[in-house]
Amino acid sequence: MKNTFLIGEVSKLVGISTETLRFYEKEGLIIPQKSEANGYRYYTMQDINQLIDLVFFRDISLSIKEIKEIVKTRGNQDMRQFFTEKQRDVEKSIHNQTLLLYKLRAIEEAHQTIEAGLGVCSILPHPSFYVLSEYDESAESLFIQKDGQSIAASHLYHLCSIGGAIEKDAAGNWDIEKQYLYILRRAAMDYGVTEKFKDKTLVNSKRSAHTVVALSTPEALLQGVTNLLAWMDENGYSQTDLIRFNYLLTNVFGRHTQSYAELWIPVV
C-alpha cells in the first residue's frame, strides 16, 4: 500500500493546483516531508486529510488567518461554537441564494409568457396570490408592512411582484385604481413562508381571460383591457370580478426601455 504521494499526485487527488499546495506550505498549514536526496515533497495520507479540510475551510470563505487560528489555537468548545456560527451563515447564504434562483427562474418564465401571450387572448387559471401591501402615494408603502417590517430586510422581495386592479372611474373610463405588492401562493408554499401571510387577502380565479401587453405607450395597458373585453364579448365570456394586471419584466439594456404586463379578467 502506498504511504506517500508526490505533489503532482496530491494536486490531482485533492483538486487544487501545485501553486496552492506550495502556498499552504509557505503559510505553515501543511508540512510535507522533503527528501534530502532529490528535494521532492512527499505527502502522507494525514497530509491529504488536512488538505481536504483546508479546501473545505476555503470553500466556506474562511481567511488564511482564520484557518490558522482553527488549526493552531482553538480548543474543542471554541471549534464547536465557531462551526455552529458558520453553519448559520451558510444556511442564511443558501436561503438567500435560493431566493435569487427563484427570481432567475421567474424571469425565464416571464420571457416564456411574453413569447406565448403577447397580443394573444385565451382563458387560463390565474395563479393564486396574496396581496401584501397597497400603494398609497408613497413608494415605501409597497415594501413596508403594517407591522413596520420591511419586505427587503427579509429578502422576500425576490419572491414578490407588483400588480394592480383596473376599474372605471367617475367618467366611465378604465383607469388603474390601485397597485399592490403580491406574492404567488405557490412561491410562498415552496419557500415555507405561507404563515407570514395568513392575514393577507388571497386572490383566486380558476378561469380568467388573459393576454400580454407591451407597455410601449402610457395608454397601452388600458387599450389592452378594451381589446381583451372585446374578445370576451365575441366569445361569450362575462366578467365576474376585478380586472387585474401584473408587471412581467422590463428590458433596460437596449436603446429603448420596453415593459410588459399581463392582464387578467375573471370570467364565467
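Visitor: Which residue in β9 is the bridge partner of valine 213?
Guide: First, a heads-up: this is a predicted model, where local features need pLDDT of at least 70, side-chain atom pairs count only at pLDDT 80 or more, and totals for chains, interfaces and linings use all residues. Residues are numbered from 1 along each chain as its sequence is written, and side-chain values use heavy atoms, with hydrogens and water left out. Strands (E, at least two residues) and helices (H or I, at least four) are DSSP runs numbered from the N terminus. Look across from valine 213 into β9 and its bridge partner is alanine 261.

Visitor: How many bridges join strand β7 to β9?
Guide: Strand β7 covers residues 201–214, and β7 and β9 run antiparallel. Histidine 210, for instance, stands opposite tryptophan 264 in β9. Two strands pair if DSSP finds at least two bridges between them. For β7 and β9, the number of bridges is 7.

Visitor: How many of the 9 residues of strand β9 are buried?
Guide: Buried means under 20% relative accessible area, exposed means over 50%, and partly exposed lies in between (1.4 Å probe, protein chains only). Strand β9, residues 258–266, is largely enclosed by the rest of the structure, because the number of its residues that are buried is 8.

Visitor: What percentage of the protein's residues count as buried?
Guide: The protein contains 7 helices and 9 strands. Take its 268 residues together, and the share that count as buried is 34%.

Visitor: In the open sheet of 3 strands, what is the strand order?
Guide: β1 (4–5) and β2 (33–34) stand at the edges, each with a single partner strand, so one side of each has no neighbour in the sheet. The pairing in this open sheet is antiparallel, and the order is β1-β3-β2.

Visitor: What angle does the direction of α3 make with that of β3?
Guide: Helix α3 packs on the sheet, in contact (heavy atoms within 4.5 Å) with β1 and β3. Angles run from 0 to 180 degrees between N-to-C directions, using axes fitted to C-alpha atoms, for helices over the stretch in contact. For α3 and β3, the angle is about 80°.

Visitor: At what angle do the axes of helix α1 and helix α3 cross?
Guide: The axes of α1 (residues 7–14) and α3 (residues 45–59) come within 11 Å. Val10, Leu13 and Val14 of α1 meet Ile48, Leu51 and Val55 of α3, a set of 6 nonpolar, no polar and no charged residues. Here Ala, Val, Leu, Ile, Met, Phe, Trp, Tyr, Cys and Pro count as nonpolar, Asp, Glu, Lys and Arg as charged, and the others, Gly among them, as polar. The crossing angle of α1 and α3 is roughly 45°.

Visitor: How far apart are the axes of α1 and helix α2?
Guide: α1 and α2 (residues 18–26) pack at about 105°, which makes them roughly perpendicular (65 to 115 degrees; under 35 is roughly parallel, over 145 roughly antiparallel and the rest oblique). Ile7, Gly8, Val10 and Ser11 of α1 touch Thr18, Leu21 and Arg22 of α2. That contact has 3 nonpolar, 3 polar and 1 charged residues. The axes of α1 and α2 are apart by 9 Å.

Visitor: Where is serine 61 found?
Guide: Serine 61 is exposed, with a relative accessible area of 61%. Its phi is near 70°, a positive value in a residue other than glycine. Most residues other than glycine have a negative phi. Serine 61 sits in the loop between α3 and α4 (64–72).
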